[in-house]
Amino acid sequence: MTVLEKGNITIHTENIFPIIKKSLYTDHEIFLRELISNAVDAISKLKMASLAGELSGDVPEPEITITVDTTNKTLCIYDNGIGMTVDEIKKYINQVAFSSAEEFVKKYQKTANDLIGHFGLGFYSAFMVAKQVEIDTLSYKEGSEAIHWSCDGSPEFELTESSRTQIGTTVTLTLMDDEQEYIEPQRIRQLVKTYSDFVPVPIKFENESINKQKALWKDSAQNLTDEDYLEFYRYLYPFQEDPLLWVHLNTDYPYLLNGILYFPKLRPDVDVSQGHIKLFCNQVFVNDHCEEIIPDFLMPLRGVIDSPDIPLNVSRSALTNHRTVRSIANHIAKKIATRLKSIYEDTPEEYVKCWKDVGTFIKYGSLKDEKFKKQVEDILIYKTTYKADKVEAKSDPETPQVQVEGEGDLWENVKTKGESEEKFSYESEGYTTLPAYLERNKERHENRVFYCTDTDTQATYVELYKNQGLEILFMDSFIDTNYFIPFLEKEYSEVKFSRVDAELDDTLVQQDKADEIVDPNTNKTRSDQIKEIFEKALNNSKVNIKTQALKSDTPDSTPPAMVLLPEAMRRLREMMAVSQQQVMDFPDEHVFVINTTHPLIENIYQLSQGSIIQAGGDSPSAEMAKMLCQHIYDLALIAQKGLDGEGMKSFVERSNQVLTRLTK
Ligand SMILES: Nc1ncnc2c1ncn2[C@@H]1O[C@H](COP(=O)(O)OP(=O)(O)OP(=O)(O)O)[C@@H](O)[C@H]1O
């Protein structure tokens, strides 16, 4: 073997290798990503050289091959790329690489583990896992000779002749004793799948190609079908439900940005702090927690973002404040808002279908980001008790169908206008925007919004409101009750929001006939007397008993009594419960409204009036009246929140007693 050259890499490098090896990077595994990326670069450079007419002969089929030798504990990465001449080895491997390594280490020694992508480590990341690194390379340049370079991790290298006959490069690593995992086939496959799945060159291992290669996000949206997007999603997130919709990002100025972002089905209590978007740099995987790049309200999204303009060798905090990163984040938010708006306008049926999930996201985004809020405020919809009639579609055969195309970024589905627009309206599907709600109800309850947060427990109240022609919005997600309603109250400062069980709106109440004085001695009204009967029967000072006359066409359409939770008190308790991460207990202090117009109340009043005080205690009819009062209270509680074990026991016992007496 002829030694062509022996030498020291640079004077200052002694301290670099130990740092690279031990302390700089915890995830040694990225060395494979770096070496594969160099191989991919080399292959594309050869193609370019050929296009420039610099290559005599044809460009071979691109190929990267990984092989392992379990006896010698070596791992080889072979490519048929551009190769290197002796001078290039000296320039790129000996000098540039190591001197930049030194710079790199100096700069980032302290923060290295905090670095976002660990990119730019390049070739010398091999020394994190190898005690010896060898290169065999033959340049495409005419007259080049194959070179063998080797270095054992000390600053000394050796250049000799190589037996390589094919243009390209092979990097051979002799693994350190504690890095033997990297010759295990499973580990190699897993690393290629994680980091290099989408590089555009086949990576062969054990006689098969082990990477997908095709990066869908680099394709033009026009060439892709819905099925392509769905298939890609299923590939990225196996065993997950299909996404609701997606946005294809495709920008090349002022930065390069490609990506596909999907809206997954969200649960209302989704943990939005956990990101699932995969960050790539030129099709090479960086990580899947790009919290610093994506504004946190976009975190529930999934998919891929690929941009070589996102700096990866900066600390996480520097990244958050980086101009390009901020501008990319804004761009993404804007594109998403535009996409949502186009669905809202063009395919309302779809918008309604995915509203439950997308709505949570839009609301969260509105809370978090002022700019985003402005973009989506017109497309916030709510489920309502109002339902408009469907308007028949006017089909106009003369009108040509128009294809909608976005500018710059193209959306996944090109839709046809004029098909069913007039047939469908949000109102006909039981949805409304808040401005439309306020406008529609201006006459009846100006600047008042009635809402329901739980269709089961608040059914009685909803029914009561509906019967009186009042419109109720359903705001039943976690985000609605805890954050979004207070947010809307700030946005619409003149509007008052009250839950259907908070108080009885004036429109539901009529002048109380029971307010006439019935006992001239005490000046008590019938209402006062009813209240007293109930106070005595319930004997609970925490319950605030009130009487009101509810309007109704038929007595059956209103309940005899209701439990109310005043809005401010309930919200305070809810806030406290959220801060303590608990579910709000039903407050002992609540309002119990007795509906004086209900025949049952009237009957109880009569029953207790007719009672004669007996020497041994209450008369049977007074006892019955008392039991019925307690029963009505329990029924009101059941309609509000159900009964606890103790409450249910006495309710059942009393029911049986009442039934027995009634059948005597
Ligand atoms: N497989 C290869 N084939 C041809 N040239 C290579 C190969 N690997 C490395 N090189 C040469 O060595 C140089 C240094 O590589 P290194 O990986 O350290 O840095 P880089 O690829 O330029 O950038 P990065 O730090 O982002 O990886 C490369 O720019 C390239 O010229």
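Which helices each supply at least two residues of the shell around the ligand? In this predicted model, the answer is helix H2 (30–51) and helix H3 (86–108).

**View 1. The shell around the ligand.** Here we zoom in on the ligand and its neighbours. The shell counts 17 residues, and among these Asn38, Ala42, Tyr92, Gly122 and Phe123 come nearest. H2 is the top contributor, giving four residues to the shell. Sorted by class, the residues around the ligand split into nine nonpolar, six polar and two charged.

**View 2. An open sheet with five strands.** Reading across the sheet, the order goes S16-S15-S18-S17-S19, and the pairing is mixed. Strand S16 (431–432) and strand S19 (496–499) sit at the edges with a single partner strand each, so one side of each has no neighbour in the sheet.

**View 3. Where S17 meets S19.** Now we move in on one pair from that sheet. Strand S17 (residues 448–452) runs parallel to S19, and four bridges join the two. To find one of these contacts, look for Phe450: its bridge partner in S19 is Ser498.

**View 4. Strand S23, covered on both faces.** In a regular strand, side chains alternate between the two faces of the sheet. For S23 (residues 561–564), Ala561 and Val563 lie on one side, with Met562 and Leu564 on the other, and all of them are buried.

**View 5. S23 alongside S24.** S23 and strand S24 (residues 590–595) run antiparallel, joined by four bridges. Leu564, one of the buried residues of S23, has Val591 as its bridge partner in S24.

Notes:
Residues numbered from 1 in each chain as written. Predicted model: local features only at pLDDT ≥ 70, side-chain atom pairs only at ≥ 80, totals over all residues. Pairing = 2+ DSSP bridges. Near = placed C-beta within 6 Å. Nonpolar A, V, L, I, M, F, W, Y, C, P; charged D, E, K, R; others polar. Buried ≥ 20, exposed ≤ 12 C-beta atoms within 10 Å, placed from the backbone.
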